[in-house]
Amino acid sequence: MTSAKVSHGNSNPSDQQNAAARPRFNSSVTSDRLREGSKSPVFPMGSNIRKGRRSIFREVGLAEGERESQQDLASGTCEESEPGERVEPVSEATSSVKRKTSGSEDSPKRKSSWLSKLAPTRRPRIKTASSAPPPTTAGLHRLSMIALLIAIVLPTISYNNGRQKVDISGADAGMIRPAPSVVLEGRDNSPTNVCTRWAGQSAIINGTVYFYGGRSKTNGDQEANTWNNDFLALDLTKSWDISSPALTGLPRPSGPPAVSLGYLWNDLDRLYLYGGEFSDNPVEQPSPVSIWMYDVASSTWTEFQNPKTSAGNFSDPEGVSVQRAAEGAGISVPELGISWYFGGHLDWATTPGWSNQIGRVYLKSLLEFTHPGYANSGVDSLRSSGAPAGGAYRNITWGGIQNQDGFTERADGVLVYVPGWGPSGILLGLGGGVVGDHETTDAFASMTTIDVYDIKTSTWYHQQTSGDAPQVRVNPCAVIFSAPDASSFNIYMYGGQNLLPYGNQTQYTDIWILTVPSFTWIKVDTSTSTEPPARAGHQCAARDGQMVVIGGYVGTEIACDSPGIYNFDASNLQWKNSFDAADHPADAHSDNSILAGSYGYKVPGAVQSVIGGSSDGGATATQPASGPATDGPFKTGTPPVFTITQAGSTATITNNPGATGLSPGDPASSTSSGANGGLVAAGVIAGLAGLAALYLGFCAWLYRRQVAAYKRHMAVANRYSGAVEEDGGFSAAGAGAAAAAAGMREKLRKAHRRGSSSGSSEQFGWVGHLSEPKWMSGGEEPSPGTSGSGTGSGRPRPSEDRNPWAYDGYIGGAGNAGGVGRSKSNATRSTASGGSAEALLDGREPNFISVVLGPRRALRVVNGMED
């Protein structure tokens, strides 16, 4: 049991050391203990603590063991205070504690009987040295709740359907965050097993075809809810059978709308969804115009809202809002970093707020999109810099014949890119048409006269074709293959349909080849193979010399067309039951989209019979078969150029006569071998680069010689200096020689300062010394003698033998052959010409930059030191 004697002090405003009056108390008397224990201690507080609340304090000066044992003490040991009196904390100065401890203090059997009569109220544990109540945790909880609300509510205010919007070059843009709980999780993968799929948007990147949106049916009787935003990927880097293609359903994006008949622009690693029309059953109002970008590496979508046009050649002024068109023809050229959308229409299904009193408006404009980071000489703001993060738009409306009567509006056509003609290649517009008078009349773009767009000059031309042309049509697909030697480019156009009667159009299953540059139509005979059902609104992709067909509307007579993917061998002109992937990297020819699709392609015999040559190329037809072109890129009849280069953000196509593909002895070879400005400039640059390399090589060789001579002379000079210091003997003749040498040295030093280079002026340089030899620095220092004789003649000392600059009779003439001399240089071999020589005078190692800037001076120095 532990007992304690505690003395407490009373506090008052005047004097805290006065003790309060109390009855006499003796701890050894039981009656005194009973009297003290019969009353509960009262601690009136000068605070707002409610009555009955327990306050916990720590008594200063108590050890941890004493505070724990104090819990077992009776409360009667505390002194009673008067009501209203403030209880001050007990300090070490006013409280003394004496403790006695016995080994049986924790046993309840040994407690005295009177202890049970004490009041049950226990003395509060003293935890602090202040009389204020302990701090409550309610305030901390409130602060935590406020911080939590700020962390949750503020991001929610700026969050918009899984994406944040920022203003980039005048367009709102935002990346969909790949947070699993917000964007990616909870989204179903796009279905791959549907009844029919058509009118979608597609693009190919590194051997993978991406297919977005369009319309689809889950069964043959479905009429409504056919619009969707399914996102699919077809792998063309592996072989597969058409009954089970390598088709993968990607997660349906939460932001991009469900549209059809738009286009997927693409560069080397991103997709851009432009255009398209919204559902008409049920009717869905179009959302505000925006461009959605899909990054293949991160699998994220980014929205660029309210895009604006930029000023440029033959285009609308800048700052005009880009409209969402549908049923147009799209094309992307990743190696140029530019995409286009040609024609199409605007109506209530494409444009927000379109009045139902206004009919459909068909377009003949060409919307050009420059991908982020790429330059474009046709856009004023991109002539010397790359496009911003949201790209740049140019709406070309009056380039060449575009604003003339012969150039008609059209929709549902196709665009094909052909490299080689013109500095940047050309675009060909095929097919398309319009309907009018409430869909009772139609008009088609001619198949016998092709619209040709020169990319470099932003100008449209007409080009006449030859051969039996296909009938006019809309909604076909087209791909292009290059001959192995690029002597011809063959465009394969498949399927399509007519326009009227609406809802009961006729779909086609024929394949036509338009070979360029002869511009001759050739119909493909597919009777030797089983062809798929006729279709329109399908997508095509060229890969490894094969044309892959995806989806398409097959009419009402066929309930379903699943999986709806087919493959055509462009070399053998046959439909195949499988796709055979070639053995090459997925990104082969990423800098040339035409070559990437033409891997393994051979010119078919049907084409050879028209343009000449063989399966490997060598076409003899090098100009349009209908006659020489009167204008445009085909006017000169120059064979194609097939070298595509890309530097930084600017991509250009340069001429290369070696890639013309002309047969030997062709008269046109001399025409194609003419000098080209770009080739001449490249040759000049290459020549200058070669000269610079030779010059730098010479400077490097000279620098190494200079460094080697510097190190050799430093070693010799150090040895010579050591020999001089070890030799203490000298003669009167040696002293005279030293004086003469000192005079000559001063003379030469002055001549060096004047920078004289005349033949009569002697120049002198101390090479390889941080300081001059002591024997040349003054008249008081003895110079090394040649021998013990006073005449100075005799056998030289060993130190003189090691001196590489010794000249007989340098100071005393021929008769003073024994004197130690230093070599003097003339005007043609001067170490005092500045630069490298001055550096060597100061003992500094040669510098390569000084050699590059003054090779002649460095060469003189090296020759002078080595001689």
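Q: Let's start with the disulfides. How many does a search of the whole structure find?
A: The search turns up two. Keep in mind that this is a predicted model.

Q: OK, which cysteine does C195 join to?
A: C195 is joined to C560, with an S to S distance of 1.7 Å.

Q: And where do C195 and C560 lie?
A: C195 is in the loop between helix 4 (180-184) and strand 5 (196-198). C560 is in the loop between strand 33 (546-550) and strand 34. The pair therefore ties together parts that are 365 residues apart in sequence.

Q: Is that disulfide left-handed or right-handed, and why?
A: Left-handed, because the torsion about the S-S bond of C195 and C560 is about -105°.

Q: Is C195 buried or exposed?
A: C195 counts as buried, since its relative accessibility is 3%.

Q: What parts does the pair of C477 and C540 tie together?
A: C477 lies in strand 28 (residues 477-482) and C540 in strand 32, so the linked parts are 63 residues apart in sequence.

Q: Are C477 and C540 buried or exposed?
A: C477 has a relative accessible area of 5%, so C477 is buried. C540 is buried as well, with a relative accessible area of 17%; the cut-off for buried is under 20%.

Q: If I number the bonded cysteines in sequence order, what's the pairing?
A: The pairing comes out as 1-4, 2-3.

Q: You mentioned strand 32. Which sheet has strand 32 as an edge strand?
A: An open sheet of four strands in the order 32-33-34-35, with antiparallel pairing. Its edge strands are strand 32 (539-543) and strand 35 (574-576), each of which pairs on one side only.

Q: How much are neighbouring strands of this sheet turned against each other?
A: On average by 30°, with direction ignored.

Q: And how many bridges join strand 34 to strand 35?
A: Three bridges join strand 34 (residues 565-569) to strand 35, and the two run antiparallel. Within that pairing, F568 stands opposite W575 in strand 35.

Q: What holds strands together in a sheet, in general?
A: Strands pair through backbone hydrogen bonds, in a parallel or an antiparallel way.

Q: Let's switch to strand 24. How many bridges join strand 24 to strand 25?
A: Four bridges join strand 24 (residues 433-436) to strand 25 (residues 441-444), and these strands run antiparallel. V435 is opposite D442 in strand 25.

Q: What's between the strands in that hairpin?
A: Four residues lie between strand 24 and strand 25, and D437 in this hairpin takes a positive phi near 50°.

Q: Last topic, cavities. How many of 30 Å³ or more are there?
A: The count comes to eight cavities of that size. The second largest cavity holds about 100 Å³ of space.

Q: Which residues line the second largest cavity?
A: Among them are T192, V194, R197, F211, L232, I550 and P563. The residues of the lining divide into eight nonpolar, three polar and one charged.

Definitions and conventions
Residues numbered from 1 in each chain as written. Predicted model: local features only at pLDDT ≥ 70, side-chain atom pairs only at ≥ 80, totals over all residues. Heavy atoms only, no water. 1 Å grid on protein atoms, 1.4 Å probe; cavity = no way out; pocket = protein on both sides within 12 Å on 5 of 7 lines; lining within 4 Å. Points joined across faces, edges and corners; volume = space filled by probe spheres on them. Nonpolar A, V, L, I, M, F, W, Y, C, P; charged D, E, K, R; others polar. Pairing = 2+ DSSP bridges. Axes fitted to C-alpha atoms, helices over the stretch in contact; angles between N-to-C directions. Disulfide = S-S within 2.5 Å. Buried < 20%, exposed > 50% of the residue type's maximum accessible area, 1.4 Å probe, protein only.
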